[in-house]
Amino acid sequence: MYLEIITPDEILFEGEISSITVPGKSGSFQILKNHAPIVSSLKTGTVLVKGEFHEKRMNEKFNFINNNSFEIKVLSGTIEMSNNKITLLSEL
């Protein structure tokens, strides 16, 4: 599935991922391929993204864990999933 992470200042990430775990207002939840359409508010916390990544191409705002995952801290935001496309709008 495809993910875009967008802040008020820039697009931080665009690319294919295998899963994302986010700090929803009602609790943390994970989105996998073919998830039902969803729109949710996010609270302050950590977003965990899994897929195949290369550290050299990662934004410095990400905590690169390994070639399979990275984290980013968010203050608030929203996430939308539809047709295997995820848009995460957030303030860092």
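Figure 1. S19 is buried, with a relative accessible area of 5%, where buried means under 20% relative accessible area, exposed over 50% and partly exposed in between, with a 1.4 Å probe and protein chains only. The residue belongs to strand β3, which covers residues 19–24; strands (E, at least two residues) and helices (H or I, at least four residues) are DSSP runs numbered from the N terminus. Leaving aside residues up to four places away in sequence, S19 touches M1, Q30, I31, L32, L48, V49 and K50, a contact being heavy atoms within 4.5 Å. Residues are numbered from 1 along each chain as its sequence is written, and side-chain values use heavy atoms, without hydrogens or water. Because this is a predicted model, local features need pLDDT of at least 70 and side-chain atom pairs count only at pLDDT 80 or more, whereas totals for chains, interfaces and linings use all residues.

**Figure 2. Strands and overall dimensions of the chain.** The chain has 10 strands and 0 helices, so that its elements run β-β-β-β-β-β-β-β-β-β from the N terminus on. Its radius of gyration is 12 Å, close to the 12 Å that the globule rule gives for 92 residues, so the chain is as compact as a globular protein of that length; the radius is taken over C-alpha atoms, and the rule is 2.2 Å times the number of residues to the power 0.38. Along the principal axes, the C-alpha atoms fill a box of roughly 35 × 25 × 20 Å.

Figure 3. Of the 92 residues in the chain, 41% are buried. Among contacts with a separation of 6 or more, 50% are accounted for by residues 24 or more positions apart.
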